[in-house]
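Visitor: I would like to learn how to read salt bridges in a protein model. Where do I begin?

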Amino acid sequence: QVNLVESGGGSVQSGGSLTLSCAADETTYNRYSMAWFRQAPGNEGREGIASINTGDGTTYAPSVKGRFTIGRDNAKNTLYLQMNALKPEDTAIYYCAAKRGPVPWPYELGWKEYAFWGRGTEVTVSS
């Protein structure tokens, strides 16, 4: 069992930036593939937006590529998401997720691949 806790959400104006963090209580954190998902208001599903595997390879959804950067600090058991040039359509609850081992291509942003989830942090972008 891996416990994940997101932080860093908040309200920001369009064009602004936020950095989300996700802390894991797992000593073998470096053996986990990690990802960020989001669920927009009124949407039932979660959109995979960024992932980073055990070898630090990254994958981004087209909706965030070039604006968001995923990173991990294995010494601190922490995952990050740097979000720049935020848009109102980025408004959502953001979740981090973990899977022990690699996620096979092309499923890096597929929610079914990840067994462990945080409770989410809310991001609101106003125009």
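**Reading the salt bridges**

Guide: Begin with Arg 38. This residue is buried, with a relative accessible area of 6%. Keep in mind that the model is predicted.

Visitor: What counts as a salt bridge?

Guide: Look for a side-chain nitrogen of Lys or Arg within 4 Å of a carboxyl oxygen of Asp or Glu. Here, the side chains of Arg 38 and Glu 47 meet that way, at 2.9 Å from N to O.

Visitor: Is Glu 47 buried, partly exposed or exposed?

Guide: Buried means under 20% relative accessible area, and exposed means over 50%. Glu 47 has 32%, so it counts as partly exposed.

Visitor: Which Arg forms a salt bridge with Asp 90 at 2.8 Å?

Guide: Arg 67. Arg 67 lies in the loop between strands S6 and S7, and Asp 90 in the loop between S8 and S9, so the pair ties together parts 23 residues apart in sequence. Arg 67 and Asp 90 are both buried.

Visitor: How many salt bridges are there in the whole structure?

Guide: A search finds three. Now trace the links. Arg 38, Glu 47, Arg 67 and Asp 90 form a network of salt bridges.

Methods
Residues numbered from 1 in each chain as written. Predicted model: local features only at pLDDT ≥ 70, side-chain atom pairs only at ≥ 80, totals over all residues. Heavy atoms only, no water. Buried < 20%, exposed > 50% of the residue type's maximum accessible area, 1.4 Å probe, protein only. Helix = DSSP H or I, 4+ residues; strand = E, 2+ residues; numbered from the N terminus.
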